[in-house]
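This briefing covers a predicted two-chain model. Please look over the sequence and structure below before reading the points that follow.

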Amino acid sequence: MNQTKPGTRVDRRRFLTLAGLAGAGAATGVRPAAAEATPDPDIVNLPPWTQALGAGVNNHPYGIPSPFEKDVVRREVTWLTASSESSVSFTPLYALDGIITPNGLCFVRHHGGEAEIDPARHHFMIHGMVDKPLVFTMEDIKRMPGRTNRVYFLECAANSGMEWRGAQLNGCQYTHGMIHNVVYTGVPLRAFLEAAGVKSKGKWVLAEGADASAMTRSIPLEKAMDDCLVAWAMNGEALRPEQGYPLRLVVPGWEGNMWIKWLRRIEVGDQPWGQREETSKYTDLLADGRSRRFTFIMDAKSVVTSPSPQAPLRAKGPNVVSGVAWSGRGTITRVDVTLDGGKNWTTARIEGPALPRAMTRFYLDFDWNGEELLLQSRAMDDTGYVQPTKAELRAVRGVNSIYHNNGIQTWLVRGNGEAENVEVS
Amino acid sequence: MSRSARSCAVAGAFLIAFTGLAAAEAVKLGRPALPEEIKAWDIDVRPDGLGLPEGKGSVSQGEEVFQNNCAACHGEFGEGVGRWPVLAGGQGTLKSERPEKTIGSFWPDTSTVFDYVHRAMPFGAAQTLQPDEVYAIVAYLLYLNDVVPEDYVLSKENFPTIALPNRANFYDDDRETTEKAFWNANPCMKDCKPKVEITSHAAVLDVTPDAGKEGDKPAGAVE
C-alpha cells in the first residue's frame, strides 16, 4: 500500500480503485476481506528506519519539512502577470491546518522583486508634519518600549480576483491562497509617531518600502495610531526576506498591499498622496464606470480547504470538512457549512483561537455516502456581517472590480471523491 | 524688532525645538533626520503638486526619452508589448465588458504619473531618470492620451492645471451603506432554495497549472 503514502503519485485508475474499495468497505462497516487476508509488509517486516540509525541532531541546522511533504509548496500561475518580479505566489492552503501559516509557505507578492537588505544599513525615517523628524536603526527599533505580539491575517486585495467572472482556477491554493496568518513581533507605529510628535494638521501617513518598487500607500492617521505595527519578526523569527526583512508594516484587517515591506519611511501629511497603488491599482471599478477608492478593509470570508480540488475525499464514511475563515472587521463568530449548494446549512465547529482580524479554523465532521456534494462555507463576524454569495456581490459591483472578492466558494465533490471549483445558481 | 520681541522669538523657537526633543527623548531612541536625508527619500508628489521638483519637459523630448527607456515594454505609443501594461487609450471603455484602464481612461491624477515613473520606472532601473526627463515622459504620455497638444511643455508651474479625464469618477469606500444587506443576523439555515444548478466549471477553462505528467490534476494535489 505504499502508493498511498503522502508525496507519491497515484495514477487515476489506481486512485479510483482504492477509493472504491475503501467506499465499499465503509458502506458495510466491514473492511474488505482481501485486505484482512494479507498482512501488511510495513507491519510484519522491519522497515529500515527501525533498524538503521537516522541522521544526527544537526543534520539540518535550519530544519526543513519531510521529503514526503515536498509538494506542499508555494506555486505561481505564470499567465497572471508579465514578470515574476511583479507577481504573486500562492499559499498551499489545501495542505495546511490550524491557523498559523509556516513562514516558508506564506504567499509572496512583490512589485519590484525580493530586496535583500543588510539590517545594519537599514533605516526607518519619520518626517513630514511632525515636530521632530527622526531616523531609527534596527537596533533602535528593537530597543523601543511597548513590544507586542499579535496574530493577524494578511490577505492580498486581489485574493480570489480571478474568480469574478466565474470559476476559473482549480484549487483553493489558487482561488484563496493570497493569504497568510502569522504571529508578528513589533512595536506599535504609534510609538514612533508620538516620538516624532505629529502636528495637529497631520491626518494621513505615507508608508514607503526600500525595494525597487519603492511601494507607497496613504493610510489614515487614525489607523496608524490605532493598531498598526512596525514588525521585525514573524512566527518567532526574523521576517523572511520575501516578507520584508528586516522591517515591515502590519495593518490589521486591511488589504495586503498596505502592509509595506522593507519599510523605510513614514511621512505625515494632511491629505492622501494619490499614489499609483491607490489610484491605478487597489481601486474597485464598478458596473457604472465609477470606482471605489480607499477600500481598505477585507470583509469576512471563508473557504473549505479540504476537501477541495487539490485535496480529494479518499473514502466513504467518516470525513472532516476543514476550512478557514477570517474578517478584517473583527472576530469570526460563526461559520456555516452546506453540503447541498446552500439549500441547508449546519454550523461548523470553530476550533482553536478565534482572534480578531486573524485566520480561524473550522471543522465539520460528517459521514460521506459517496453522493455528489456541493460544498460551501459561510463566515460571520462579530459586527454581524455575513459572507455573501458571489451573485450577491456581483449584483452590487459587477464583474470588473478585481479586488475584494469575498464571495462564497463552491466545491463540487464527485462520487469518486475528486473536487472541482464550480459556481451554482 | 525690539530686544524683547527678539528674545521672545528666540525663546519661542527654542521652545518649539525643545518640545520636539522632549517628545523624541520620551523614548530616548532614534536621532534627528537631517534635511539632506529627508530630501534624498522624500520624492513623493501629491495631486495638488506638492513635492514636484523644479524642471520641465516637452512632448517631443518625452517621445525620445520614452523610446529609449520605456518603449521596449510599453510600446512606441504606450500600447503595451505582450502582457506589459498599456499606458494610453481605452477612453470610454470603463462600463464595457472588458475595460481598458490606462492613464488616459482611468487614472485620476497626473501627479501619480510623475511620482510613479520617477520612483519605480524603468522596471529594473528605478530612480535613474532626472526630473526633466520625467516631466518630458509625462508630457508624452499626456499627449498619447489626448490630454495635451503635440507642442506642449510640461513644467512644475503648469502641472496642477492638467486634469485627467476620469478625475471625478472615484469615491470613498461606501460598503457599509451600499452593502448593508450583507449584515444579517439570521441567515437562512433550512430549505433556503428549491433547487441548485451548476453555472460555471473551472475544469472547462482548464488554466490551472498542473503537475506536468498527468495533466489532469491541479499542481500540488494531495495523493
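Helices (H or I, at least four residues) and strands (E, at least two) are DSSP runs, numbered from the N terminus. This is a predicted model, in which local features need pLDDT of at least 70, side-chain atom pairs count only at pLDDT 80 or more, and totals for chains, interfaces and linings use all residues. Residues are numbered from 1 along each chain as its sequence is written, chains are lettered from A and ligands numbered from 1 in the order in which they are written, and side-chain values use heavy atoms, with hydrogens and water left out.

**Interface of chains A and B**

- Contact means heavy atoms within 4.5 Å. By that rule, 118 residues of chain A touch 86 residues of chain B.
- About 8700 Å² is buried between the two chains, and carbon and sulfur atoms give 54% of this area. Buried area is the accessible area (1.4 Å probe) that two parts lose on being put together, summed over both.
- The chains share 11 salt bridges. A salt bridge is a side-chain nitrogen of Lys or Arg within 4 Å of a carboxyl oxygen of Asp or Glu.
- One of these links Arg397(A) to Glu179(B), with the closest N and O atoms 2.6 Å apart.
- On the side of chain A that touches chain B, strand β24 (residues 419-424) of chain A gives the largest share, 5 residues.
- That side of chain A divides into 43 nonpolar, 37 polar and 38 charged residues. Here Ala, Val, Leu, Ile, Met, Phe, Trp, Tyr, Cys and Pro count as nonpolar, Asp, Glu, Lys and Arg as charged, and the others, Gly among them, as polar.

**Strand pairing**

- Two strands pair if DSSP finds at least two bridges between them.
- One pairing crosses the chains: strand β5 (residues 134-137) of chain A and strand β1 (residues 31-32) of chain B are antiparallel over 2 bridges. There, Leu134(A) is opposite Pro32(B).
- Within chain A, an open sheet of 4 strands runs in the order β16-β17-β21-β20, with antiparallel pairing.
- In chain A, β17 (residues 317-326) and β21 (residues 360-368) are joined by 9 antiparallel bridges. Val320(A) faces Asp365(A) in this pair.

**Buried elements**

- Buried means under 20% relative accessible area, exposed over 50%, partly exposed in between (1.4 Å probe, protein chains only).
- Strand β22 (residues 373-381) of chain A is largely enclosed by the rest of the structure, because 9 of its 9 residues are buried.
- Both faces of β22(A) are covered, with Leu373(A) among the residues on one side and Arg378(A) among those on the other.
- Strand β18 (residues 332-338) of chain A runs antiparallel to β22(A) over 6 bridges, and Asp336(A) is opposite Arg378(A).
- Strand β23 (residues 410-413) of chain A also runs antiparallel to β22(A), over 4 bridges. Leu373(A) has Val413(A) as its bridge partner there.
- Helix α5 (residues 110-120) of chain B is mostly covered, with 11 of its 11 residues buried. The cover includes β8 (204-209), β9 (216-220) and β13 (263-269) of chain A, together with α6 (131-144) of chain B.

**Backbone details**

- Ser306(A) and Pro307(A) are joined by a cis peptide bond, with omega near 0 degrees. Pro307(A) is in the loop between β16 and β17 of chain A.
- The bond between Met121(B) and Pro122(B) is also cis, with omega about -5 degrees. Pro122(B) is in the loop between α5 and α6 of chain B.
- Trp262(A), not a glycine, has a positive phi near 50 degrees. Trp262(A) lies in the loop between β12 (248-250) and β13 of chain A, and is buried at 2% relative accessible area.
- Phe294(A) has a positive phi of about 55 degrees. Phe294(A) sits in the loop between β15 (291-293) and β16 of chain A and counts as buried at 10% relative accessibility.
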